[in-house]
Amino acid sequence: MKKFILPKEVHNIIEKLEAAGYEAYAVGGCVRDTLLGRKPEDWDITTQAMPEQVKSLFPRTVDTGIEHGTVTVLVGGQGFEVTTYRIDGEYEDARHPTSVAYTRNLEEDLKRRDFTINAMAYSESRGFVDLFGGRDDLEKKVIRCVGDAGERFSEDALRILRGVRFAAQLGFGIAPETKAGMSALAENLKKISAERIRVELVKLITSDHPEMLEEAYQLGITKEFLPEFDILMKTEQETPHHRYNVGIHTLVSMEKIPNDKVLRLTMLLHDLGKPQYKTIDEAGRAHFKKHALGSEELAKDILRRLKFDNETRRQVVKLVCYHDYRMPATPKAVRRAVNKIGKDLFPLYLQVRRADTLAQSEYRQKEKLENIQAVSAIFQEIKERGECTEVQELAVNGRDLLALGVPPGKTVGEELARLLDLVIENPELNRKEHLLKEVKLLYNEEDKN
């Protein structure tokens with residue numbers, strides 16, 4: 001493990017607290033990540049000092065969580081949370097303690113924490129405090145609860161999903177007794193807000209090990225917030241195009257795509273419609289025709305249920321809708337596809353198709369990948385030539401049509417759509433004089449009639 005070096009700002013905060021007669025340590029995730037050679041996202045400090053005493057020692061502070069003993073100390077442009085040693089009271093909502101009591105004892109503070117690897121503290125003057133075997137569990141690469149797993153998960157049900165998420169991010173396993181606690185209390189996740197579930201789910205699936213979602217399924221965790229995934233894990237694919245059931249195919253497809261939120265969510269949701277669209281022909285072969293329609297609707301419901309932002313929902317739903325959309329590798333066909341999917345999403349669509357294909361069987365896989373590569377090359381040429389695929393890229397606009405006497409309202413939109421269709425067929429026609437002439441010809445013909 002790496003040598004432990006505190007950032008200068010953290011060192012100075014701890015030193016100032018110690019000089020005033022208070023114990024103080026870096027604590028939690030920052031200690032874990034530093035020992036693993038990872039860069040901590042933030043640095044938390046725990047201390048004997050009461051919040052008011054912390055505030056009296058530092059010129060710039062913010063009461064970010066004063067009811068839980070947390071004061072943020074501002075140093076330069078950074079904030080560092082400093083929290084008084086505390087003991088949590090009873091948990092009545094499976095998420096928050098009803099009360100908090102301060103303590104002078106670091107051990108009391110550490111034993112209320114979730115996992116051993118998050119319950120270590122360090123200061124340069126006192127060294128490491130590791131009362132629950134966190135460093136040993138880091139070495140063994142295992143997620144283990146502090147004390148009794150049932151107690152920890154009863155206090156805060158979100159810890160159940162966080163444990164799987166930590167395992168996915170770190171590439172760790174989960175201790176048997178911790179798994180047992182997760183499974184026994186998974187139902188309590190129903191008490192956790194959708195926003196909290198969403199944050200943990202995104203961190204899990206954008207980790208280096210999104211396949212840990214299968215562990216969550218095996219432990220009965222996913223059925224509490226993503227029951228649609230459980231159905232995929234029970235849906236077979238009796239077709240030469242696939243080697244896995246739908247759930248395992250979904251997990252493998254996530255592994256085959258970059259760990260971007262939109263891309264991973266798309267792969268998680270892309271085949272949700274397969275169970276309801278599955279048919280078996282006389283030869284015993286499965287078909288899933290038009291399953292993308294079902295996937296699109298279920299993706300809308302799930303993203304809304306988990307309170308994703310509008311832009312994420314827009315992108316993911318559209319990619320899910322078109323994930324199985326295929327075309328010959330011709331400029332005309334690709335322009336039409338870009339028009340349907342959008343220039344902004346088309347590069348992501350290509351990544352989705354590639355990941356989907358790589359998670360299938362080898363049956364015709366080479367042919368499919370060659371098609372995707374050819375389509376990608378044509379798309380690059382379309383962009384380089386600046387060919388029109390959207391109404392906004394036409395050489396004329398609504399004002400131009402109104403000036404020619406096209407009736408305002410719906411007719412303008414219909415006429416622009418007609419011109420776009422012409423230009424997608426023949427990109428060289430996207431010239432203002434030609435398109436205006438095209439409109440005049442149409443209206444002259446209508447006048448004659």
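Colleague: What does the radius of gyration of the protein chain look like against a compact globule of 449 residues?

Modeller: The chain comes out at 29 Å, whereas a compact globule of that length would sit near 22 Å. The radius is taken over C-alpha atoms, and the globule rule is 2.2 Å times the number of residues to the power 0.38. Along the principal axes, the C-alpha atoms fill a box of roughly 95 × 60 × 40 Å. Bear in mind that this is a predicted model, where local features need pLDDT of at least 70, side-chain atom pairs count only at pLDDT 80 or more, and totals for chains, interfaces and linings use all residues. Numbering runs from 1 along each chain as its sequence is written, and side-chain values use heavy atoms, leaving out hydrogens and water.

Colleague: How many helices and strands does the protein chain have?

Modeller: There are 22 helices and 13 strands.

Colleague: What makes threonine 116 buried?

Modeller: Its relative accessible area is 2%, and buried means under 20% (exposed is over 50%, partly exposed in between, with a 1.4 Å probe and protein chains only). So threonine 116, at 2%, counts as buried. Threonine 116 is in the loop between α4 (106-110) and β8 (121-123). Beyond its neighbours within four places in sequence, threonine 116 is in contact (heavy atoms within 4.5 Å) with Phe132, Gly133, Gly134, Asp137, Arg144, Cys145 and Val146.

Colleague: And why does threonine 250 count as buried?

Modeller: Its relative accessibility is 0%, so threonine 250 is buried by that cut-off. Threonine 250 sits in helix α12, and apart from residues up to four places away it touches Phe229, Leu232, Met267, Leu268 and His270.

Colleague: Why is aspartate 400 called buried?

Modeller: Because its relative accessible area is 17%, and the limit is under 20%. Aspartate 400 belongs to helix α20 (residues 398-403). Asparagine 339, 61 residues away in sequence, is 22 Å from aspartate 400, C-alpha to C-alpha.

Colleague: How do you know that the span of α7 agrees with its length?

Modeller: The expected span is 1.5 Å times one less than the number of residues. For the 13 residues of α7 that gives 18 Å, and the end C-alpha atoms are 18 Å apart, so they agree.

Colleague: Why do you say α7 is largely enclosed by the rest of the structure?

Modeller: Because 11 of its 13 residues are buried. Among them are Leu158, Arg159, Arg165, Phe166 and Leu170. Just after α7, glycine 171 takes a positive phi of about 70 degrees.

Colleague: What about the span of helix α9 (residues 194-205)?

Modeller: Its 12 residues should span 16 Å, and its end C-alpha atoms are 16 Å apart, so that agrees. Buried residues in α9 include Ala194, Ile197, Glu200 and Leu201.

Colleague: Which helices do the buried residues of α9 pack against?

Modeller: They pack against α7 (158-170), α10 (213-218), α12 (246-255), α13 (261-269) and α15 (291-305).

Colleague: How much of the protein chain is buried?

Modeller: Of the 449 residues, 50% count as buried. As for contacts with a separation of 6 or more, residues 24 or more positions apart account for 64%.

Note on methods
Helix = DSSP H or I, 4+ residues; strand = E, 2+ residues; numbered from the N terminus.
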